Amino acid sequence: MSGARIGEDARAVNDMRQMTALGRRIEDRSFAIIDEEAGDHGFPDAEWQIVRRVIHATADFEFRSLMRLHPEAIARGVAALRGGAPVLVDVKMIGVGLNEQRLASYGCKIHGFISDDDVIEAASAKGSTRAIEAMRKAHRLGLLDGAIVAIGNAPTALLEVVRLAQEEGARPALVIGVPVGFVSAAESKEALLESGLPSIVARGRKGGSPIAVAIVHALLLLSADSAAPAPSAGPAQPAGAAR
């Protein structure tokens, strides 16, 4: 297969729009309604693609004010996808929601360890959580460095990723921090923002696996755009506050 054909196939596979004419019309109208009702939002075009897909997944316009994107978030995420980076998830629901075929077009694989026997045993023995031990396992396996980490359910997973970055030198390409809940959810997101890691965050208690999925799919759509931003030179390092 020629290089040109491979490029064409990648663009087609990574087109995250609906695949039928009627489906596309409905989706296009949905996004038009979101644009109309959102009004002047102040997000640059690429960031708005992320935010409005979150709104589309939730029908909740409050996310317009809750979303925070690190200045390097989109560029790092797109580069990671194009480079075939691992996609690490905190719960199976995110993995089920993601389109494996479209990720595979770049060589990306989904990884999640929360149900592994050794993770469950470690959490029980240490008085920890499965989410924490799953992130530790990912780090031991070398899957955190350069990865897209999508956390939609477990604040303890998010806190552990931040700790691994600060104390053990883990360097994920992008952390999507949108866990939902009442215990440590908001606090874990603030810790991520303060860490300076490239991140996309929904502040406060709101979040969930569908939001994490929507963000990854928005990044896949942006990755098929040749005008997508390029990351700054050098590895992703915690530095600076998120937008």
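Is Asp60 buried or exposed? Select Asp60 in this predicted model and take a look: Asp60 is buried, with a relative accessible area of 18%.

**First stop: Lys206 and its partners**

Asp60 sits in the loop between α3 and α4 (63–66), while Lys206 belongs to the loop between β6 (199–202) and α12, so the pair ties together parts that are 146 residues apart in sequence. Lys206 itself is partly exposed, at a relative accessible area of 30%. Now select Glu62: its side chain and that of Lys206 also meet in a salt bridge (2.6 Å, N to O). Glu62 is partly exposed, with a relative accessible area of 38%.

**Second stop: helix α12**

Move on to α12 (209–223). The helix has 15 residues and reaches 21 Å from its first C-alpha to its last. Of those residues, 13 are buried, so α12 is largely enclosed by the rest of the structure.

Next, select Phe31, Gln49, Arg52, Arg53, Ala218 and Leu221, which line the largest cavity. About 40 Å³ of space lies inside. α3 gives the most to this lining, with 3 residues.

**Last stop: Glu160 and Arg136**

Finally, pick Glu160 and Arg136, whose side chains meet in a salt bridge (3.0 Å, N to O). Glu160 lies in helix α10 (residues 155–168) and Arg136 in helix α9 (residues 130–140), so the pair ties together parts that are 24 residues apart in sequence.

Notes: Residues are numbered from 1 along each chain as its sequence is written. This is a predicted model: local features need pLDDT of at least 70, side-chain atom pairs count only at pLDDT 80 or more; totals for chains, interfaces and linings use all residues. Side-chain values use heavy atoms; hydrogens and water are left out. On a 1 Å grid over the protein atoms alone, a cavity is a set of points where a 1.4 Å probe fits but cannot get out, and a pocket is an open set with protein on both sides within 12 Å along at least five of seven lines; lining residues have an atom within 4 Å of a point. Grid points are joined across faces, edges and corners, and a volume is the space filled by probe spheres set on the points. Helices (H or I, at least four residues) and strands (E, at least two) are DSSP runs, numbered from the N terminus. The expected span of a helix is 1.5 Å times one less than its number of residues. Buried means under 20% relative accessible area, exposed over 50%, partly exposed in between (1.4 Å probe, protein chains only). A salt bridge is a side-chain nitrogen of Lys or Arg within 4 Å of a carboxyl oxygen of Asp or Glu.
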